[in-house]
Structure formats: C-alpha cells, structure tokens
Amino acid sequence: MESNHMQVRFDAKSVNEGLARMMVAAFMTDMNPTLEEIADVKTAVSEAVTNAIIHGYEEECETVEMVCDRDGQQLVVTVEDHGVGIVNLEEAMQPFFTTKPEMERSGMGFSFMEAFMDKVEVQSHPGTGTKVVMWKYIERESE
C-alpha cells in the first residue's frame, strides 16, 4: 500500500488557486485516477483555496497551506488559512449562503466540495482561521 505526503504554503492570491489545482492533480497521478476523479478533486481544491483567499484574510495577503496525503487509494487534501475564521459554521455551510454578495459569490463553495469529494470536514474558530479536510477514494488501483 503506497503512501505519500506533500505540504505547500503559498500567498493568499487568486493567481495561486490554479497552482493548487495543478499540484493536487500531479500529486494524485500515480493513484491512476480517472479524468473525472481528477476534475472532481481539482474543483473541490479550487473552492477550498478560493474560500481561504477571499474569506480568510479580508484584503490582507497572508498564506494558505495545502497538505495532500495518500494512503493506498485514499487521498486526503487539507486546505488551511490562519485568517478571520467563520463565526457561524453551520450557517456558512448552507447552500447559497455568502458573506460577499457584492463580489458575486454564489455561496456554493462548501456544497461543491461536498458534492465532489467523499467526505468533507470543516473546522473554524473566529480569529484563528479555517481548516477544510477533504477525502476522496480513487477507485482504480495503480497498475
């Protein structure tokens, strides 16, 4: 059973969302994922990183940390910021809820993460940041 670990920290800038997508796709390549599985994970990572950038730092450019772990065919991706945190996590996870309607945010970030990954857990505390942990089981065994 293969295991692997990657940890990266990048500036909380929207240009780095694409970088995070590419890194997670490259990381999971040796798991022999389908194109659909790669697209699902990239979409979920995109939502988590975008949330951290837009909601985590309120105009400040700090850092976002992404950790990828592989245990056999199980992929675990963690995206974490150390920003403002979420005051009401239950409310924030409701579809269409957004604190940034002026930015034309849809409020579907957490819903997309839950739709494209097998499991999503969110931990957040006001003033200390937010951690999103996402699991995806890759169906096809490596050859």
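Modeller: Start with F112, which is partly exposed because its relative accessibility is 32%. Buried means under 20% relative accessible area, exposed means over 50%, and partly exposed is in between, with a 1.4 Å probe and protein chains only.

Biologist: What sort of model is this?
Modeller: This is a predicted model: local features need pLDDT of at least 70, side-chain atom pairs count only at pLDDT 80 or more, and totals for chains, interfaces and linings use all residues. Residues are numbered from 1 along each chain as its sequence is written, and side-chain values use heavy atoms, with hydrogens and water left out.

Biologist: How many aromatic pairs does the structure hold?
Modeller: One. The rings of F112 and F116 have centres 6.4 Å apart and planes at 45°, so the pair is tilted. Rings of Phe, Tyr and Trp (its six-membered ring) pair if their centres lie within 6.5 Å; planes under 30 degrees apart are stacked, over 60 edge-to-face, and the rest tilted.

Biologist: Is F116 buried or partly exposed?
Modeller: F116 is partly exposed, at 26% relative accessible area.

Biologist: Where do F112 and F116 sit along the helix?
Modeller: Both are in helix α4 (residues 109–116), four residues apart, so about one helical turn separates them. Helices are DSSP runs (H or I, at least four residues), strands likewise (E, at least two), numbered from the N terminus.

Biologist: New topic. What lies over the face of W135?
Modeller: K119, at 4.6 Å from the ring centre. The rule: NZ of Lys or CZ of Arg within 6 Å of the ring centre and within 35 degrees of the ring normal.

Biologist: Now α1 and α2. At what angle do they pack?
Modeller: About 145°, with the axes 9 Å apart; α1 spans residues 15–28 and α2 residues 35–56. Axes are lines fitted to C-alpha atoms, for helices over the stretch in contact, and angles run from 0 to 180 degrees between N-to-C directions.

Biologist: Which residues of α1 meet α2?
Modeller: E17, A20, R21, V24, A25 and M28. Their partners in α2 include I38, V41, V45 and V49. Contact means heavy atoms within 4.5 Å.

Biologist: Why is A20 called buried?
Modeller: Because its relative accessibility is 0%. A20 touches F10, V45, V49 and M66, leaving aside residues up to four places away in sequence.

Biologist: What covers the buried residues of α1?
Modeller: The cover includes β1 (3–11), α2, β2 (63–71) and β3 (74–81).
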